[in-house]
Amino acid sequence: MNMLILAEINIRIMEDRFRSLTIFEFQSRFPDDEACYTYLSELKWGNGFRCPQCGHTNYCSGKRKHDRQCTRCHRISSPTSGTLFHKVKFSILKAFYIVYYVSTNTKGISSTELSRKLGLRQKTCWLFKMKVMKAMESSGNNKIEGNTEVDETVVGGQEEGVVGRKNNKKKLVVFAIERKGKGVSRMYGKVIQHSSAKELGDFMKATISPSANIKTDQWTGYKPLRHDFENLVQVKSGKKGNNFPDLHRAIMIFKSWIRGIHHNVGYLQLYIDEYCYRFNRSNMKEGLFENLMMRMINKPPCSYKQIIA
């Protein structure tokens with residue numbers, strides 16, 4: 001049995017064990033730090049240990065219960081090392097609670113609310129929530145392939161003398177949706193500095209299949225992209241964007257969400273990633289917590305300086 005099949009079996013087992021967690025089930029499964037470290041060990045090394053320094057697969061016990069020490073180079077790895085849980089300054093159980101609340105609150109949860117629930121400083125909750133949101137970044141492995149609409153918008157409060165694609169404190173964002181039936185099945189977005197063919201093209205190449213049926217407005221920045229997307233058509237936006245009703249509705253809902261929970265456009269890309277992660281999994285009623293935990297394990301550490309940069 002190859003490693004890919006073993007990995008798939010392991011993921012299915014984990015999903016079956018932690019399917020549809022209510023708050024009571026979560027508390028039962030994770031009563032203390034010990035249970036959390038055991039779970040992280042299973043996620044990280046369920047398919048076998050590999051030393052991050054030399055690649056050796058044999059290990060012995062480390063100084064602490066869940067640590068593993070490479071028998072070749074003697075490097076010690078913990079369940080949190082090399083992950084977004086790296087150097088967590090507070091209880092790992094409370095870190096799990098933050099992942100749980102972020103993944104299960106459909107409208108999102110503010111760091112102020114997390115602080116109130118967990119008895120941690122607001123800034124502490126904000127920083128770790130940023131790390132959770134970092135795990136929500138698109139992998140780029142599931143590109144839009146069907147009927148697609150693309151457009152840019154600005155996010156932020158009204159500014160005097162600033163109209164259209166121009167912006168000062170507001171952020172320029174390009175969004176793409178996949179239309180399926182009468183609704184929207186997927187959505188991606190990216191903060192851009194300019195609505196140039198290069199920036200628009202970089203976003204579209206990362207999120208949309210070259211064979212997708214793409215409709216966008218008549219902005220000149222999209223015209224050169226016909227070389228990369230053979231089914232791209234440009235039409236008039238129409239009065240109040242009537243030719244793109246689904247896309248504009250999706251954008252308006254996003255703007256309402258960010259105003260209701262976060263009140264500003266600082267670190268906007270992370271909030272776009274969070275929203276799109278939720279939106280794209282809105283039909284996935286089970287396994288969100290496990291999916292996000294696996295992403296937290298697979299992402300490298302991210303420091304406070306990296307986040308604010």
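**Close-ups of a predicted model**

View 1. Counting disulfides (pairs of cysteine sulfur atoms within 2.5 Å) gives 0 here. Take Cys-54: the nearest cysteine sulfur belongs to Cys-70 and sits 3.6 Å away, and Cys-54 is in no disulfide. Cys-70 is in no disulfide either. Cys-70 is buried, at 0% relative accessible area, while Cys-54 is partly exposed, at 31%. (Buried means under 20% relative accessible area, exposed over 50%, and partly exposed in between, using a 1.4 Å probe and protein chains only.)

*About the model:* this is a predicted model, where local features need pLDDT of at least 70, side-chain atom pairs count only at pLDDT 80 or more, and totals for chains, interfaces and linings use all residues. Residues are numbered from 1 along each chain as its sequence is written, and side-chain values use heavy atoms, leaving out hydrogens and water.

View 2. Strands (DSSP runs of E, at least two residues, numbered from the N terminus) pair if DSSP finds at least two bridges between them. Strands 1 and 2 (residues 68–70) are joined by 3 bridges, and Tyr-59 has Cys-70 in strand 2 as its bridge partner.

**View 3. Helix 6 and its buried residues.** Helices are DSSP runs of H or I, at least four residues. Helix 6 covers residues 122–134, and its buried residues include Trp-126, Phe-128 and Met-130. Among the elements covering them (contact means heavy atoms within 4.5 Å) are helix 4 (92–104) and helix 9 (268–280).

Technical notes: The expected span of a helix is 1.5 Å times one less than its number of residues.
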